[in-house]
Amino acid sequence: YFRSVRASLATGGVFFLDHYGGPESMEETRDEREIVPDEGAYKGKKWGFTYIWDQHKYNPITGEMECHIHFAFKDGTKMRRAFSYTWRLWSLQEIQDCLRDAGFSKVTVYWEGTDDDGEGDGVFEPATWGEVCPAYVTYISAEK
């Protein structure tokens with residue numbers, strides 16, 4: 001796949017990826033987040049929902065995982081498995097190695113900084129060292 005992507009890029013082209021990792025990325029777990037709009041965002045209509053990320057299955061032998069996204073709405077209705085995914089969870093090191101093996105000349109990892117509370121601050125900077133986190137998202141650029 002990475003060889004094909006590289007071949008499709010124009011001279012000087014860049015391929016960007018996101019990566020999910022950390023020890024919690026391999027756990028069978030559910031994460032719920034309440035999504036509520038700002039007051040008045042929809043002309044006084046009250047709405048909101050719960051977004052549920054479901055890491056349903058993980059096989060540590062193959063790295064294969066099955067995940068689902070569910071929604072629960074304020075009116076009590078639910079949308080189970082609105083989206084489902086099955087993929088192999090690759091380590092950050094494996095992805096970098098594959099990109100280099102595919103011939104990319106420069107691979108850069110962008111790691112998220114932290115705020116005063118130790119939470120992610122949304123600012124991603126090039127990095128060669130990352131903080132050990134239970135779960136994280138990084139970005140990778142691979143230059144042709």
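I started with phenylalanine 15: at 13% relative accessible area this residue is buried (buried is under 20%, exposed over 50% and partly exposed in between, with a 1.4 Å probe and protein chains only). I kept in mind that this is a predicted model, where local features need pLDDT of at least 70, side-chain atom pairs count only at pLDDT 80 or more, and totals for chains, interfaces and linings use all residues. Residues are numbered from 1 along each chain as its sequence is written, and side-chain values use heavy atoms, leaving out hydrogens and water.

Next, the ring pairs. I counted Phe, Tyr and Trp rings (Trp by its six-membered ring) as paired if their centres lie within 6.5 Å, calling planes under 30 degrees apart stacked, over 60 edge-to-face and the rest tilted. That rule gave me 13 aromatic pairs. One of them joins tyrosine 1 to phenylalanine 2, and I noted it as tilted because the planes stand at 55 degrees, with centres 5.7 Å apart. Tyrosine 1 is exposed at 71% relative accessibility, while phenylalanine 2 is buried at 17%.

Then I checked tyrosine 1 against phenylalanine 15: centres 6.3 Å apart, planes at 65 degrees, so edge-to-face. The two lie 14 residues apart, tyrosine 1 in the segment before α1 (2-8) and phenylalanine 15 in strand β1 (residues 14-21); helices (H or I, at least four residues) and strands (E, at least two) are DSSP runs numbered from the N terminus. I also found that ring pairs link Tyr1, Phe2, Phe15 and Phe104 into a cluster.
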